[in-house]
Amino acid sequence: MPMIYSPPLLHFNPPVNPTRILTSIQYCGQPVRTLPGSGIAPARNLAVSTRVQSLVRQSSSYNLTVNDEDFNVELGRLLDILPEEMRRRVAEHPERRFLIEVVMDMGRKPLARFPSGDYVLSDHLITAEDIQRATSQIGDFAVDNRAGISRTLHRISAIRNRKGAIIGLTCRVGRAVSGSANLLRDLVKEGASLLLIGPPGVGKTTIIRDVARMLANEYKKRVMIVDTSNEIGGDGDIPHAGIGNARRMQVPHSDVQHKVLIEAVENHMPQVIVIDEIGTKLEALAASTIAQRGIQLVATAHGVTIENLVMNPALEMLVGGVQSVTLGDEEANRRGVQKTVLERKGPSTFSCGVEIISKTELRVHCNLEATVDAILSGRNPRFEFRKINLGDAVESGLINFNSSETQGQSRIQHKPDLTDVTPFSEDMVSEEISGEDKDGLRIFLYGISEASMVQGMKQLKIDGNFEYTDNMSEADMLIALQSKFKKNSRLQAAARSRGIPTYIYKLVGSANQDNSVFHI
């Protein structure tokens, strides 16, 4: 079936130095990009939006912190399940506060994982007795092979052999980080339904836990958490203090999560439902049903960009669904597309989408339906880029261009990377500098999402100033997906008539492979 298709975004692993992380600002609905190694030099005067100024004022009095005393007690409860030598090695490590997880595999040396890398905890190999001792001190493993420690956020995941015996453990440290959702405070306060997506380990659960606390404690909403594997509220019957006054319903089996969602609405009259890891079509359908009842939703899903959800048959309902539409000859010629195109089927379950790039950076799609429509039509979606840094020069949010004013430049200051347990304060840094800076190279994209293009350029180590435009007459070059461009004779003729250099973009390998590479 013919379809408009954009290549999948490569997995984005943020570098340790945030000055290497791409900075994005908005230009009349289309982001202006600068690649690593270049400054931001847009050819328009910049003005910080009223929305972001309000966000900064609201968040300036909040700090992202972890209570050290409580955290040390909870970390000690996790370390208690380890052998004595391993506990001592972890306690002596200089990065103890930033411990990510401990890995114990039978017949191998145990490892502790820190932001700086893996650290061997013992020269002795893990035995069946070590595994047995650890599992005897934690709760029962559910069918998803996850267990926890009562009233903590730690998660212990088991690896079993073919006979069902446990032969490996992953002991992941959980933290309640107060203030981790401050960048989304304006959307939360407005009652927006939020869908957070990002790869595993980027901090989705930490953010929605803080959103639940914020809604229940600060905005006095009736919040119900549907906790799939006890990651939000912790293990045990009494939920962790990190969720504040929010209530929690545990899910006995992941296969019945969609039923628990409906039960939460029908039995407990919540104003907000918080869901972690929507992963099946039934759960997506239940979330859609809840949204139609006027209840605010906050949920997470695995992915890298909104585009991943659009192309995921199980989860596309979360963003309105996708259907194939056949256009008439006149309409197809007017749009300059094939007669069969993809369009959004219905309203999106969520009003806003948040792509979590790292623990300090978010891409916020305030109008999720408009983003989906743009992706399906091959255009670049509009989004806000929000960032938190350390120290005094901290946060950058949405920056709007005012094309009627003089040229200017914005500089967004960067500080060292932030772990999810380091205290900090929040401020907005944006300044206007008059000057005659040269415009960046304007690129017209066809059949390619802007996020995919940026990641491809980063992979090819191409540095420079780039703008993405929807107007071909303003473009300095055209980059098009090969399979789409060769079928659009009108676009080819337009590029030739304007003398625009044209570059063909293709993938090497399957479009579904995460390790696909770019050739231009």
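Author: Beyond the residues up to four places away in sequence, Ile-278 touches Glu-283, Ala-284, Ala-287, Ala-299, Thr-300, Ala-301, Leu-315, Leu-318 and Phe-350, where contact means heavy atoms within 4.5 Å. The model is predicted, and its local features need pLDDT of at least 70, side-chain atom pairs count only at pLDDT 80 or more, and totals for chains, interfaces and linings use all residues. Residues are numbered from 1 along each chain as its sequence is written, and side-chain values use heavy atoms, with hydrogens and water left out.

Ile-278 belongs to the largest nonpolar core, which has 34 residues, and Ile-278 is among those with the most contacts inside it, together with Leu-195, Ile-273, Ile-306, Leu-318 and Phe-350. Such a core is a set of buried Ala, Val, Leu, Ile, Met, Phe, Trp, Tyr and Cys residues joined through side-chain atoms within 4.5 Å; buried means under 20% relative accessible area, exposed over 50%, and partly exposed in between (1.4 Å probe, protein chains only). Among the elements that each supply at least two residues of this core are strand 10 (194–198), strand 13 (272–275), helix 8 (281–291), strand 14 (296–302) and helix 11, with helices (H or I, at least four residues) and strands (E, at least two) taken as DSSP runs numbered from the N terminus. A second, separate core of 30 residues includes Leu-187, Leu-196, Cys-352 and Val-364.

Elsewhere, Thr-205 sits in helix 6 (residues 204–218), and Thr-205 counts as buried because its relative accessible area is 15%. Apart from neighbours within four places in sequence, Thr-205 is in contact with Glu-231, Ile-232 and Asp-276.
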